[in-house]
Amino acid sequence: MGPERSTQGIWVITTFLGAAAILAGDPTFFFATFSLVLLSAALAMRFRFRMHRIVTSARVTRSSDRKVLQQGGITTVTTGFSCSPDPGMIIRVRDLLPPASLSDPANPSAVVAADGSATLRYSFTPLIAGSSCFPGIALTISDAFFSGSLVMGSDPFRGPELDVHPHAAYERFHIRKDYGTQEKDAHSIFHGYGIRSIREYIAGDDLRSIDWKMTAKHDKMIIREYTAVENLPPLIVLDLPDRSFLVPEEHMAKLINEVAGETVTAIRNCGSVSLFLISGINVIDIILEETDVQRCITAIRTSAHPRFRLNHAYRWKDRASMRGSIRKSGDGVSFQKKDESGPFLTKIAQIYRRSLASPYVPAFSTQVNRLLSSLKLEEIVLYSLFEGDLSHIGEISHQAQARRIRLRSKTVAVQDGEKIFLIKKTLRKVTMEIIP
Amino acid sequence: MKNPFVRGLAVMIGGASAFFSVYQGGSWSIVLIALVFFFLAAFIRAESDDTTIFIIASGEVLVIAVGAASFWAGVIAQCSVIGLVLEDRECLADSRGRSFFALYCIVTFTGAFIFDLANQVLLLFLAVTAVVAGAAIIFAGVQEIQERRMYSGVKK
């Protein structure tokens, strides 16, 4: 319990009066000091009585959308508070959160209404696995002269208990080509029951993994390599359309919503996500292995709108296709116009060779290469409206295939047959999903 | 809700006690200045905490000025000042608040009666003040500890 500002003022005046009373020795001064001390004491006792009345009448009901959730998952918690309020008292109720958890808003609290009720509604995210119990509420009560707070953590104010299942129980990334030598990464305590491979024992291997039957049969130590879940978050590429193209707003909204949904799902399932926002060959934003949903959503919301493309790839030299054409045709070049004469084809072949000879590597190609090198990826999800030049998409597709990374592309309502042909040609073996 | 009638009544009682003290032979100039300050504080539009402090500060000046001429007029002025403060903070809105103020006035008058009769005022003042403050501190502290233990949720 502590004094409010007005009470502090009264105490200061009382102190001055008391000093004056002792110096002057006048009964009026003594009486004035005494009456102010009496006022403070009476107000303090009155406040305690009223606070006690509120505290004893307090009731809490708390419910969660889900009783069982995944570590890092989100559930909505609703806490109802009721009490018998006293006029002139301001009651603030705050829900206490279990340790190692997050909520949105960060400190869920509310001022109790005149009828003595308050409702708190917030999203709750447990960060550690196990059971997670809400420890109670914190009441802050104040009147004009005093304020006090009380943590109410007894049984009627606790609960419910949430069962939080572990989420990121993943094995570290394995470099399987190095089998036969001891892996550098520490062994994970989490492994599955499936056997990935059986190999000879190397000093440092876990003795619990020794296959004793195989060891007896071959007369040398054989161990089992267990399979485990590997957590490789996807790279989401959002290709924003050029502003000079007229893009329906609902298409853009669908695309952004889908990207936001994919981001949230990726963070929930894999723990993190990487975002690559581009508009043609212009890189807008790169977010690497982000674990915060809000930060990703904010980046998408702020950056994802049609952009003026400062650089274009219309004159992009597709080195792979040029090399392929030369390789296929030998000396000549296989060209669509079969009836063209030899000199034309020879000229084209010369141009191709000259282009290939010059060390021309576009900046975007380097950026994509660096990005894919820095991330351990199994999948790239590409969102685009496939408007205008598609060279940059072809480059991403090419580099993904070279690195054996699966590429899925998603778009909104493609109806033009010619356009579909162009997209298929650009994306080669990539599957394309249409967002409904 | 603030009641202008109660406020006016409290100010009038303070004013009446001031005039009574002048009638008894007090220094009218000091009383008049104190009364003006008290009126200003009573009707000033400021933040609630500031208003409370202004009323108490100006009120105590009035009480001392009035009490110099007539001790019991000072007691009445003190009750009017405290009544005005409680009314300003809306503590007299319900019957519990009014009972609280009535009880306060009774105890104040009792204290004033004791001070008026006492020969050695300083010792009496120290004793009574210590008892009142100590009782309040012990009561509030014990109740706070009890509540904290009751609602801590720690199993005994």
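The side chain of A:Asp211 makes a polar contact with the side chain of A:Arg224 at 3.0 Å, where a polar contact is a pair of N or O atoms within 3.5 Å, of which, within protein, one must be able to donate a hydrogen and the other to accept it, residues adjacent in sequence counting only if both atoms are side-chain atoms. The side chain of A:Asp211 also reaches the backbone nitrogen of A:Lys213, at 3.3 Å. A:Asp211 lies in the loop between strand S13 (195–200) and helix H3 (212–218) of chain A; helices (H or I, at least four residues) and strands (E, at least two) are DSSP runs, numbered from the N terminus. With 7% relative accessibility, A:Asp211 counts as buried, on a scale where buried means under 20% relative accessible area, exposed over 50%, and partly exposed in between (1.4 Å probe, protein chains only). Leaving aside residues up to four places away in sequence, A:Asp211 touches A:Ile198, A:Ile222, A:Ile223 and A:Arg224, contact meaning heavy atoms within 4.5 Å.

This is a predicted model, in which local features need pLDDT of at least 70 and side-chain atom pairs count only at pLDDT 80 or more, while totals for chains, interfaces and linings use all residues. Residues are numbered from 1 along each chain as its sequence is written, chains are lettered from A and ligands numbered from 1 in the order in which they are written, and side-chain values use heavy atoms, with hydrogens and water left out.

## Chain A and its strands

Chain A has 10 helices and 20 strands, and of its 436 residues 46% count as buried. Among the contacts in chain A with a separation of 6 or more, 68% come from residues 24 or more positions apart. A:Gly388 belongs to the loop between strand S18 (379–384) and H9 of chain A, and with a relative accessible area of 31% A:Gly388 is partly exposed.

Five strands of chain A form an open sheet in the order S1-S11-S10-S5-S7, with antiparallel pairing; two strands pair if DSSP finds at least two bridges between them. The edges of this sheet are strand S1 (2–3) and strand S7 (109–111) of chain A, each of which pairs on one side only. Strand S5 (residues 90–96) of chain A is joined to S7(A) in the antiparallel sense over three bridges, and A:Arg94 stands opposite A:Ser109 in S7(A). In the loop between strand S6 (101–104) and S7 of chain A lies A:Pro105, and the peptide bond that joins A:Asp104 and A:Pro105 is cis, with omega about 5 degrees.

## Positive phi angles

Two residues of chain A have a positive phi although neither is a glycine. A:Glu289 is placed in strand S17 (residues 282–290) of chain A, while A:Arg404 lies in the loop between helix H9 (391–402) and strand S19 (406–412) of chain A.

| Residue | Phi | Relative accessible area |
|---|---|---|
| A:Glu289 | about 45 degrees | 46%, partly exposed |
| A:Arg404 | about 55 degrees | 78%, exposed |

## Where chain B meets chain A

The contact between the chains takes 49 residues from chain B and 45 residues from chain A. Together they bury about 4,300 Å², 74% of it on carbon and sulfur atoms, buried area being the accessible area (1.4 Å probe) that two parts lose on being put together, summed over both. Across the interface there are four salt bridges, each a side-chain nitrogen of Lys or Arg within 4 Å of a carboxyl oxygen of Asp or Glu; in one of them the side chains of B:Arg96 and A:Asp86 meet at 3.5 Å, N to O. There are also 12 residue pairs in polar contact across the interface, with both residues at pLDDT 80 or more.

On the side of chain B that touches chain A, helix H3 (48–69), helix H4 (71–88), helix H5 (95–117) and helix H6 (121–151) of chain B each supply at least two residues, and H6(B) gives the most, with 16 residues.
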